[in-house]
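User: I am new to this structure. Please take a close look at its salt bridges and at what surrounds them.

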Amino acid sequence: MPSEQDVKTLSEWCRNTVTTIWQYHGGCQVGRVVDAEYRVIGAHGLRVIDGSTFNSSPGTNPQATVMMLGRYMGVKILQERQLAA
């Protein structure tokens, strides 16, 4: 079984070297362009929920991560609307 240090080293190596050249990410910074709920700062009723909000590539096909994020945020938006009604 790998030690905790081995896992940390491998995780760091993956974050630093595993990239994708096919899906763009990082152009829509959370905190600068969108808030933590993916609402576009300065716009009403608009959210950006796609790979451009990723600080780094998830290291796999980003489309699966985007689909999970979209599903999660969609459910969250519906719950917010139900609470507001």
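Analyst: Start with the count: there are 4 salt bridges. Keep in mind that the model is predicted.

Take arginine 39 and aspartate 35 to begin. These two residues form a salt bridge, and their closest N and O atoms are 3.3 Å apart. How exposed are the two partners? Arginine 39 is partly exposed, at a relative accessible area of 33%. Aspartate 35 is also partly exposed, at 25%. Each value falls in the band between buried, under 20%, and exposed, over 50%.

Now turn to lysine 76 and glutamate 37. Their side chains meet in a salt bridge, with 2.9 Å from N to O. Where do these partners sit? Lysine 76 belongs to helix α2, which covers residues 62–84, while glutamate 37 is in the loop between α1 (4–17) and α2. The pair therefore ties together parts that lie 39 residues apart in sequence. Lysine 76 has a relative accessible area of 23%, so the residue counts as partly exposed.

Glutamate 80 brings us back to arginine 39. The two form a salt bridge, and here the closest N and O atoms are 4.0 Å apart. Glutamate 80 lies in helix α2 and arginine 39 in the loop between α1 and α2, so this pair ties together parts 41 residues apart in sequence. Glutamate 80 is partly exposed, with a relative accessible area of 28%. Which residues end up in one network? Salt bridges with shared partners join Asp35, Arg39, Arg47 and Glu80.

Next, the helix itself. α2 is made of 23 residues. From first C-alpha to last, α2 reaches 33 Å, close to the 33 Å expected at 1.5 Å a residue. Some of its residues are hidden: Pro62, Val66, Leu69, Met73 and Ile77 are buried.

What lines the largest pocket? The lining is formed by Arg39, Ala43, His44, Gly45, Leu46, Arg47, Ile77, Glu80 and Arg81. Several names return here. Arg39, Arg47 and Glu80 are in the salt-bridge network, and they also line this pocket. Ile77, one of the buried residues of α2, is in the lining too. By type, the lining residues divide into 3 nonpolar, 2 polar and 4 charged. The space in the largest pocket is about 180 Å³.

Key. Residues numbered from 1 in each chain as written. Predicted model: local features only at pLDDT ≥ 70, side-chain atom pairs only at ≥ 80, totals over all residues. Heavy atoms only, no water. Buried < 20%, exposed > 50% of the residue type's maximum accessible area, 1.4 Å probe, protein only. Helix = DSSP H or I, 4+ residues; strand = E, 2+ residues; numbered from the N terminus. Expected span 1.5 Å × (residues − 1). 1 Å grid on protein atoms, 1.4 Å probe; cavity = no way out; pocket = protein on both sides within 12 Å on 5 of 7 lines; lining within 4 Å. Points joined across faces, edges and corners; volume = space filled by probe spheres on them. Nonpolar A, V, L, I, M, F, W, Y, C, P; charged D, E, K, R; others polar.
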